[in-house]
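Hi,

Here is the structure I promised to send over. Have a look at it first, and then read my notes below.

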Amino acid sequence: MASAQVMTPREIVSELDRYIVGQNDAKRAVAIALRNRWRRQNVPPELRDEIAPKNILMIGPTGVGKTEISRRLARLAQAPFLKVEASKYTEVGYVGRDVESIIRDLVEVTVKMVREEERQRVAVAARETAEERLLDILFPPPTKTRRPVGITPEGNLQVSSADDSHRDTREKLRKLLRGGHLDDRDVELEVTAQATPMVEVFTPQGMEEMGVNMKDLFSQIMPKKTKRRSVKIPEAMEILTQEEAARLVDMDQVAHEAIHRAEQSGIVFIDEIDKIAGREAGRGGPDVSREGVQRDLLPIVEGTTVNTKYGSVRTDHILFVASGAFHISKPSDLIPEFQGRFPIRVELKALTREDFVRILTEPENALIKQYVALLKTEQVELGFSDDAILALAEIAAAVNARSENIGARRLHTVLERVLDELSFTAPELTERQVSIDAAYVHQRLDSIVKDEDLSRYIL
């Protein structure tokens, strides 16, 4: 696969096609947004800071792929990604989460990502050092004791050395360790146990970061304790490798790189944006709070500086992707300033029976492939005929049309109901090859589908 940083929009759409069915307009929009990031990095420095990301507003019913498109895009770009629900946040002064915590959470995700990359980079050196420590435990180096004195043929005194024999024994032990011949042996390790203070810090609205910093401060003040553990050799190697990797990773450099990466390539997906859209201008009640959330989100989306425990983060070049079903409200119900910060609007289409057939079979993580793999762990070879897949798609589409349209999520419910008996009895089956056809699907589902009240609860 081509490097994510230099993939063309067409290649990005092609990669998304491997996991998501349809919704080409949305795929094109996010592909252009990702390519524009690479373009921005290559423009002259004096113009680079002036180019702001074109935020995207996805409009469409639930279960059609809005979240999955953004998540896959972040994986393609190897970029920090955070998904939040707009309905969890309230304006300042109300009970709820402060909107600045979005950026703090994004930085935490980025720090974890960069720290893991650094640990992978130093993994070889950490494992070598861990191996030496483990050999020291298994075969301690000789202590400084009085060594025997010999006389050379010339009549000179010579101190006998045990270093050579110790080194030879140590190398033999190293070969046994690497070959896995010592895996059943137990060793005692002295492990550092960080004393966690049993303190809960209550902070005012909008000052959650203070509570986090206070907890970190208390944990640093508390003395570090060590305890001895008896573990098998493979587990001991993992524990020692993690300790050595933590020593080799420079956390100051990790924090610096994480802040830079969050600022330049972070992606924030704000779901349920329609839940904070006021339906009637000038009306009191909860709509005031909805507009308040938009007003608080506005500086974050426009570009501001947010203080985190790793340093200040500018949000000017973070890409925001908002999505909502907009069943009751509409995008024009958002305050004008907030609308203007999402210049790219994409409408995702509701899924049809044909889309369901493709979702069941085409993507690399298709539902049919998932269930086949799950039952293969029980040595059961599961197969679906074409008419069974069509029947599943028809039933899912019919239930969506008759009750709430939950998109592709309906397929999970339908498939679970069809395979319920098989999943329960799979360990005891004598017949190891099971084929699902349309007759079996209808046998399992028809009675529920026909009873409209029952299908509302079960499907």
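How many bridges join strand β12 to β13, and do they run parallel or antiparallel? Four bridges join β12 (residues 381-384) to β13, and the two run parallel; strands count as paired if DSSP finds at least two bridges between them. Helices (H or I, at least four residues) and strands (E, at least two) are DSSP runs, numbered from the N terminus.

Before you go on: this is a predicted model, where local features need pLDDT of at least 70, side-chain atom pairs count only at pLDDT 80 or more, and totals for chains, interfaces and linings use all residues. Residues are numbered from 1 along each chain as its sequence is written, and side-chain values use heavy atoms, with hydrogens and water left out.

Back to the strands. In β13 (residues 433-436), V434 and I436 form the covered face, while Q433 and S435 are on the uncovered one. Opposite V434 stands L382.

Of its 61 residues, L382, F384, L419, I436 and V441 touch the most other members. Helix α15 (residues 386-402) gives the most to this core, eight residues. Leaving aside neighbours within four places in sequence, F384 has contacts (heavy atoms within 4.5 Å) that include I389, L415 and I436.

Cheers

Definitions and conventions
Core = buried A, V, L, I, M, F, W, Y, C linked by side-chain atoms within 4.5 Å. Buried < 20%, exposed > 50% of the residue type's maximum accessible area, 1.4 Å probe, protein only.
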